[in-house]
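This report walks through one protein model for a reader who has not seen it before. Please keep the sequence and the 3D view at hand while reading.

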Amino acid sequence: MTPTRPRPTTPRLALVLTAATLMVATNIYGAVSAHADETPGVPPGTEASPSAPVEVDPNDPDLKLPEGATLASAKVLDIKQVVEDQSGDERREDTNADVKFALQAEVLFGKDSAKLSAEAKSRISAIAEEIKTQNATKIRVFGFTDNLGSSAHGDVLSRKRADAVQNVLDQELTDSDVTYEVRGYGEQYPIADNSSEPGRKKNRRVEVSFPRSES
């Protein structure tokens with residue numbers, strides 16, 4: 001009887017790294033002062049992408065289009081890299097165009113509060129260092145909540161939290177060319193299921209995003 005060798009186990013990674021292809025949105029930065037924009041619009045990432053740089057021949061037989069069918073407009077695809085710490089408290093997304101940090105509200109604020117903790121300020125300072133590395137001057141700071149409580153309360157709280165994060169960034173970034181877009185979206189645009197507490201925890205967040213350096 002041939003002995004079987006035990007299958008080696010794979011060590012658990014401290015970071016979760018995933019890659020997915022997503023459509024690149026046209027970068028539209030309506031940069032305004034930090035407290036001037038009172039009417040939230042749709043978050044970035046929903047705009048139509050630019051045309052692909054490579055022409056596609058709709059008559060190529062290898063495409064095997066049904067008779068009478070035509071190709072849709074070509075799109076430029078981008079690679080998104082997502083890194084989340086093991087606790088899930090912080091998430092970083094990188095594309096060819098942008099960098100986005102998402103910090104869960106629990107690591108920044110007390111319950112139903114917009115007052116930053118000492119730990120929160122150190123995390124935001126680390127984001128400010130990355131902004132300096134990327135030479136970014138147009139910063140977006142967006143606040144979000146779960147769907148508990150009234151929608152109006154969530155809108156106000158998410159905006160106050162976004163303002164608090166922006167104030168720390170403003171202290172760290174001394175470049176006079178830096179401008180901010182600050183908005184509170186409340187319970188809109190959840191990234192997880194609000195029917196469970198783990199999902200609601202992910203939705204209670206502040207996102208800081210900015211363009212990547214072209215160099």
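Which residue in β6 is the bridge partner of R140? The bridge partner of R140 in β6 is E181.

The model is predicted, so local features need pLDDT of at least 70 and side-chain atom pairs count only at pLDDT 80 or more, while totals for chains, interfaces and linings use all residues. Residues are numbered from 1 along each chain as its sequence is written, and side-chain values use heavy atoms, with hydrogens and water left out.

**Overall layout**

The protein has three helices and seven strands. Helices (H or I, at least four residues) and strands (E, at least two) are DSSP runs, numbered from the N terminus. Read from the N terminus, the order of elements is β-β-β-β-α-β-α-β-α-β. The protein has 215 residues, of which 36% count as buried. Here buried means under 20% relative accessible area and exposed over 50%, with partly exposed in between (1.4 Å probe, protein chains only). Among the contacts in the protein with a separation of 6 or more, 72% are between residues 24 or more positions apart. A contact means heavy atoms within 4.5 Å.

**Strand pairing**

Two strands pair if DSSP finds at least two bridges between them.

| Strands | Sense | Bridges | Residues standing opposite |
|---|---|---|---|
| β3 and β4 | antiparallel | five | E93 and K100 |
| β4 and β7 | antiparallel | seven | Q104 and R205 |
| β5 and β7 | antiparallel | five | F142 and E207 |

Strand β3 covers residues 90-94, and a hairpin of three residues joins β3 to β4. Strand β4 spans residues 98-104. K100 of β4 stands opposite E93, and K100 also stands opposite S209 in β7.

In β4, six of the seven residues are buried, so β4 is mostly covered. β5 is also mostly covered, with six of its seven residues buried. Strand β7, residues 205-211, is largely enclosed by the rest of the structure because six of its seven residues are buried.

**The packing of α1 and α2**

Two packed helices are described by the angle between their axes and the distance between the axes. Helix α1 covers residues 118-133, and helix α2 covers residues 151-172. The two pack at an angle of about 55 degrees, with their axes 9 Å apart. That angle makes α1 oblique to α2. Axes are lines fitted to C-alpha atoms, for helices over the stretch in contact, and angles run from 0 to 180 degrees between N-to-C directions. Angles under 35 degrees count as roughly parallel, over 145 as roughly antiparallel, 65 to 115 as roughly perpendicular and the rest as oblique.

The crossing of α1 and α2 is right-handed; a crossing is left-handed if the near helix is turned anticlockwise from the far one by less than a right angle, and right-handed if clockwise. On the α1 side, K121, I124, S125, A128, I131 and K132 make the contact, and on the α2 side V165, V168, L169 and E172 do. These residues divide into six nonpolar, one polar and three charged. Ala, Val, Leu, Ile, Met, Phe, Trp, Tyr, Cys and Pro count as nonpolar, Asp, Glu, Lys and Arg as charged, and the others, Gly among them, as polar.

**Loops on either side of α1**

L116 lies in the loop between β4 and α1. Is L116 buried or exposed? L116 is buried because its relative accessible area is 14%. Apart from neighbours within four places in sequence, L116 is in contact with L108, F109, K121, I124, A164, V165 and V168. The C-alpha atoms of L116 and R161 are separated by 8.3 Å, although these residues are 45 residues apart along the chain.

D112 is found in the loop between β4 and α1. D112 has a positive phi of about 60 degrees and is not a glycine. N135, in the loop between α1 and β5, is likewise a residue other than glycine with a positive phi, near 55 degrees. N135 counts as exposed because its relative accessibility is 61%.
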